[in-house]
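I opened this notebook to keep a record of what I looked up in one protein structure. The entries follow the order in which I worked.

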Amino acid sequence: PIYLMSLRNKLQALVSEDELWEDFKVQFEKIRPNFFDKLRKVAPNLSVNDLKHCTYIVSNLKSKEVAQLINVSPRSVETTRYRIKKKIGLEKDDSLYDLLSNL
């Protein structure tokens, strides 16, 4: 029974996290209309986590700030940003911030 309660709690946390993300997307789109649609056209293969990181980037949050916000190491944030650039097809010297800001 304890195992099932733990599992149920984890599932509820995931559902509420998904709901929070949906609410965040709605609010973000009020500020930057069609951002996610435009981003999906540029890079249809981005994961939900990638999309979240793109919102942090376009909000001009630094890696350290994002790391504190989502409770991971700054290195993890840098790795995610590097992978997003690869998925989008940007070169090493290309600015992900500039691309996202112009969407």
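**Entry 1: the model.** I noted that this is a predicted model, in which local features need pLDDT of at least 70, side-chain atom pairs count only at pLDDT 80 or more, and totals for chains, interfaces and linings use all residues. Residues are numbered from 1 along each chain as its sequence is written, and side-chain values use heavy atoms, with hydrogens and water left out.

**Entry 2: confidence.** I looked up pLDDT, the predictor's confidence in each residue, from 0 to 100. The protein has a mean pLDDT of 88, and 93% of its residues reach 70 or more. I then compared the elements, where helices (H or I, at least four residues) and strands (E, at least two) are DSSP runs numbered from the N terminus. The lowest mean pLDDT among them, 76, belongs to helix α1 (residues 2-31), and the highest, 96, to helix α5 (residues 74-88).

**Entry 3: aromatic rings.** I counted rings of Phe, Tyr and Trp (its six-membered ring) as paired if their centres lie within 6.5 Å; planes under 30 degrees apart are stacked, over 60 edge-to-face, and the rest tilted. By this rule there are six aromatic pairs. Phe28 and Phe36 form a tilted pair, because their centres are 5.7 Å apart and their planes stand at 55°. Phe35 and Phe36 are edge-to-face, at 5.4 Å centre to centre and 85° between the planes. One aromatic cluster consists of Trp21, Phe24, Phe28, Phe35 and Phe36.

**Entry 4: burial.** I used relative accessible area (buried under 20%, exposed over 50%, partly exposed in between; 1.4 Å probe, protein chains only). Phe35 has 1% relative accessibility and therefore counts as buried. Phe36, at 7%, is also buried.

**Entry 5: the core.** I looked for nonpolar cores, meaning sets of buried Ala, Val, Leu, Ile, Met, Phe, Trp, Tyr and Cys residues joined through side-chain atoms within 4.5 Å. The largest has 16 residues, of which Phe35, Leu39, Leu46, Cys54, Leu96 and Leu100 touch the most other members. Helix α3 gives the most to this core, with four residues.

**Entry 6: Asp50.** I found Asp50 in helix α3 (residues 48-58). Is Asp50 buried or exposed? Its relative accessibility is 5%, so Asp50 counts as buried. Leaving aside residues up to four places away in sequence, Asp50 touches Thr80, Ile84 and Lys87, where contact means heavy atoms within 4.5 Å.
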